[in-house]
Amino acid sequence: MIAAHQQIESTLADLFEDAKFDEIRIMKALGKSILGPIQPIHFKDTYLAISKKQGEDVVQLIKENGVKNVVEFGSSFGISTLYLAEGILETNGSIVTTELIDSKAKKAIENFKNAGVDHLIEMRIGDAINTLKGYSEPIDLLFLDGWKDLYLSLFQMLEPNFHSKTIVYVDNAEMHDTKRFLKAIQQKNKYHLTPKYDGKVVIIKSKLYE
């Protein structure tokens, strides 16, 4: 088990080293989008990853809550997915992750293999509304870190798979489309919303959570 964690950490270290250049890549992506709306394809070379602190806390969240069945929206190159995998190593869980951009998904799969956890992860490539349509397994943790205007649609589509202890992790909670999503969820009056990292993340739990 120690060796497995070390292999994940080694892969993550390499990815974070490469992700240091994300600011330059983002500026280039924004430059390409100057003639029209920003699209996911503009960010095909950027990680847009969670921080190391977030990742470490996600591992703890999974372990403390006995999370096994994870669904992730927005794998990118797989940094967040590898933290999810590090957590479910302890709980004997599995992950279904999604990525819209084909080149990113293929690189993520390669990263999962390098980390020795590809057997724990199912990658679904394409629009998550289509790739997760008909998903019927119980969800212990839904990790939302993709295109923000899809958060609400995905939440509503997957909500029938929630149970009283389901946790929804919402990244980029400070962004405009995410705030609209969170407001809609709050109006349901079924969930507790807990902000973290000065509002960058919101954790959603059922009010029935014990």
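**Exercise 1. Find where I79 sits in this predicted model, and work out whether I79 is buried or exposed.**

*Solution.* 
Step 1: Start with the secondary structure. I79 belongs to helix α4, which covers residues 79-91.

Step 2: Check the accessibility. I79 has a relative accessibility of 2%. Buried means under 20%, so I79 counts as buried.

Step 3: Look for contacts, leaving aside neighbours within four places in sequence. I79 then touches L12, L15, F16, Y47, A49 and I50.

Step 4: Now try a residue from another part of the chain. L208 is 129 residues away from I79 along the chain, and their C-alpha atoms are 31 Å apart.

Step 5: Take one of the contacts of I79 and follow it up. F16 is in contact with I79, and the ring of F16 also has the charged end of K52 sitting over it, 5.3 Å from the ring centre.

**Exercise 2. Classify the ring pairs F143 with Y169 and F155 with F181.**

*Solution.* 
Step 1: Get the overall count. Searching the whole structure turns up 7 aromatic pairs.

Step 2: Take F143 and Y169. Their ring centres are 4.6 Å apart and their planes make 10°. Planes under 30 degrees apart count as stacked, so this pair is stacked.

Step 3: F143 is in strand β4 and Y169 in strand β5, so the pair ties together parts 26 residues apart in sequence. F143 is buried at 1% relative accessible area, and Y169 is buried too, at 3%.

Step 4: Turn to F155 and F181. Their centres are 5.7 Å apart, with planes at 65°. An angle over 60 counts as edge-to-face, so that is the label for this pair.

Step 5: F155 has a relative accessible area of 0% and F181 has 2%, so F155 is buried and F181 is buried.

Step 6: Widen the view. F155 and F181 are part of one aromatic cluster with F73, Y151, F162 and Y191.

**Exercise 3. Trace the salt bridges of K53, E122 and K188.**

*Solution.* 
Step 1: Note the total. The structure has 10 salt bridges.

Step 2: Follow K53. Its partner is D57, and the closest N and O atoms are 3.4 Å apart. Both are in helix α3, 4 residues apart, so about one helical turn separates them. K53 is partly exposed at 48%, and D57 is partly exposed at 24%.

Step 3: Follow E122. Its side chain meets that of R124 in a salt bridge of 2.8 Å, N to O. E122 is partly exposed at 38%, and R124 is partly exposed at 21%.

Step 4: Follow K188. It bridges to E159, with the closest N and O atoms 3.2 Å apart. K188 sits in the loop between α8 and β6, while E159 sits in the loop between α7 and β5, so the pair ties together parts 29 residues apart in sequence.

Step 5: Compare how accessible these partners are. K188 is partly exposed at 31%, whereas E159 is buried at 14%.

Step 6: Finish with the network. Salt bridges link E159, K188 and K190 together.

Methods:
Residues are numbered from 1 along each chain as its sequence is written. This is a predicted model: local features need pLDDT of at least 70, side-chain atom pairs count only at pLDDT 80 or more; totals for chains, interfaces and linings use all residues. Side-chain values use heavy atoms; hydrogens and water are left out. Rings of Phe, Tyr and Trp (its six-membered ring) pair if their centres lie within 6.5 Å; planes under 30 degrees apart count as stacked, over 60 as edge-to-face and the rest as tilted. Helices (H or I, at least four residues) and strands (E, at least two) are DSSP runs, numbered from the N terminus. Buried means under 20% relative accessible area, exposed over 50%, partly exposed in between (1.4 Å probe, protein chains only). A charge sits over a ring if NZ of Lys or CZ of Arg is within 6 Å of the ring centre and within 35 degrees of the ring normal. Contact means heavy atoms within 4.5 Å. A salt bridge is a side-chain nitrogen of Lys or Arg within 4 Å of a carboxyl oxygen of Asp or Glu.
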